[in-house]
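Student: Hi! Could you walk me through this one while I have it open?

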Amino acid sequence: MGFDVERVRAEFPALSVLDEGRRRIYLDNPAGTQVPQRVIDRMTDCLVRTNANLGGYFPTTVAAEELVDAAHAAMADFVNASGPEEIVFGQNMTTLTFHISRSIGRRLEPGDEIIVTRMDHDGNISPWLLLAEDLGLTVRWYDFDPETYEFDTSRFADLLSERTRVVALNYASNLTGTLNDVKALVAMARDAGALTYVDAVQFAPHGLIDVREVGCDFLVCSPYKFYGPHQGVLWGREDILEDLFPYKVRPASPRSPGKFETGTLSHEGLAGTLGAVEHFAWIGTAMGGVGEGATRREAVAEGFRLSHEHETGLASRLIEKLAGIPGLRVHGVTNPNRMAWRVPTVSITVEGHAPKKIAGALAKDNIFVWDGHNYALETVRKLGLEDKGGVVRIGLAHYNTASEVDETVSAVAASVA
Ligand SMILES: Cc1ncc(COP(=O)(O)O)c(C=O)c1O
């Protein structure tokens, strides 16, 4: 049957909201997507029927416990974890990374080395820089090529040494949209004996995560970027999580994931996350080739395959049409042969026009885009754009359409005419 964008759009109530009669074009997706009705229903149901803390005997607490278990199991399927005990829920990626990096820090000594990259969102840089400051670690930076917007994988080996303990890198950039060869980088880091911490926040909405295939030790993502609620998720290799020192209160579980899930979780956030995983599984079964007997993982994988096809078509169209605007530069992969190495997050600048002016003009047309550094501070510095207002970021999601792309390109052209 194939990806039916109108059928997918019908699932999202926010897509039909009007502002004084005007339609909305949501291209602010890398900062958070809209949610389908099944996510809203899951969250409402949680608040209406299972609103209690865990560990008791009455119906609401029993149901809440079942829901929390179901959400862990859903995310385990989503990332292909070995089991639900490898899934740690938290407020967001940044908070989880600050938290787990402190636990990892208990294993480190002054003079140990960590590697961070200039392509990462600051959520996967500052927690490590501050840890280095606290413990006297040496920080090594992995740079990307500002012409190709890609890492030179062969250069990575130069940064590794017998003192490298942690490598923090991103799966896909939230600014350039570059998709990195994380599998190759992780393999090199692990060979050197380092722990690998992968930020998959921008990859998760666009491609199927397989932590076993990637081979990393930790991977983080944020359901609010893939059609779920504001929530963060960390996957960690079971033996490492079991070993890792937890910063926790004494009555909390000594086992993973409980020992890292400090305080009371957002049960409604977990319910919504379950709904987001079900959304991808629904696409896979309703529009794809998986049958009734398929596992949830198989259905999710098929959902991503279809969604990816649609998004790649939109991204190519966007990049091709933007190229017709004089003075416009796409800060990311544009070579049609390299499209497999980007996600549909397209950052642009136009000579002589401040990004905030373009974003403001688009907002007047009710087209939602972000401008600035988008917390990819090191990336805009490397690209020489920090003092120029960063970029305009046009971020596609699978509910966007070709006509939205065309309208957006026309609006960008008009804003700089
Ligand atoms: C690549 C990347 N990493 C990390 C984050 C931070 O995520 P969170 O808001 O869940 O802390 C973002 C948010 O935009 C991001 O794009």
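Tutor: Happy to; we can go over the overall fold, the ligand shell and one lysine.

Student: Is this an experimental or a predicted model, then?

Tutor: It is a predicted model.

Student: Okay, how many helices and strands does the chain have?

Tutor: There are 14 helices and 13 strands in the chain.

Student: And what does the radius of gyration say?

Tutor: The chain has 21 Å, which agrees with the value near 22 Å that a compact globule of 417 residues would have. The C-alpha trace spans about 65 × 55 × 35 Å along its principal axes.

Student: What share of the residues is buried?

Tutor: Buried residues account for 50% of the 417. As for contacts between residues at least 6 apart in sequence, 70% of them join residues at least 24 apart.

Student: Switching to the ligand: which residues come nearest?

Tutor: N92, M93, T94, H121 and N174 do, out of 15 residues around the ligand. By type, the shell has four nonpolar, ten polar and one charged residue.

Student: Now K248. Where is it found?

Tutor: K248 sits in the loop between α9 (238–243) and α10 (267–287).

Student: What does K248 touch there?

Tutor: Leaving out residues up to four places away in sequence, K248 touches K259 and T262.

Student: Why does K248 count as partly exposed?

Tutor: Because K248 has 17 other C-beta atoms within 10 Å, and buried would take 20 or more while exposed means 12 or fewer.

Student: What separates K248 from N174?

Tutor: Their C-alpha atoms are 31 Å apart, and the two residues are 74 residues apart along the chain. N174 is one of the residues that come nearest the ligand.

Technical notes
Residues numbered from 1 in each chain as written. Predicted model: local features only at pLDDT ≥ 70, side-chain atom pairs only at ≥ 80, totals over all residues. Near = placed C-beta within 6 Å. Nonpolar A, V, L, I, M, F, W, Y, C, P; charged D, E, K, R; others polar. Helix = DSSP H or I, 4+ residues; strand = E, 2+ residues; numbered from the N terminus. Contact = placed C-beta atoms within 7 Å. Rg over C-alpha atoms; globule rule 2.2 N^0.38 Å.
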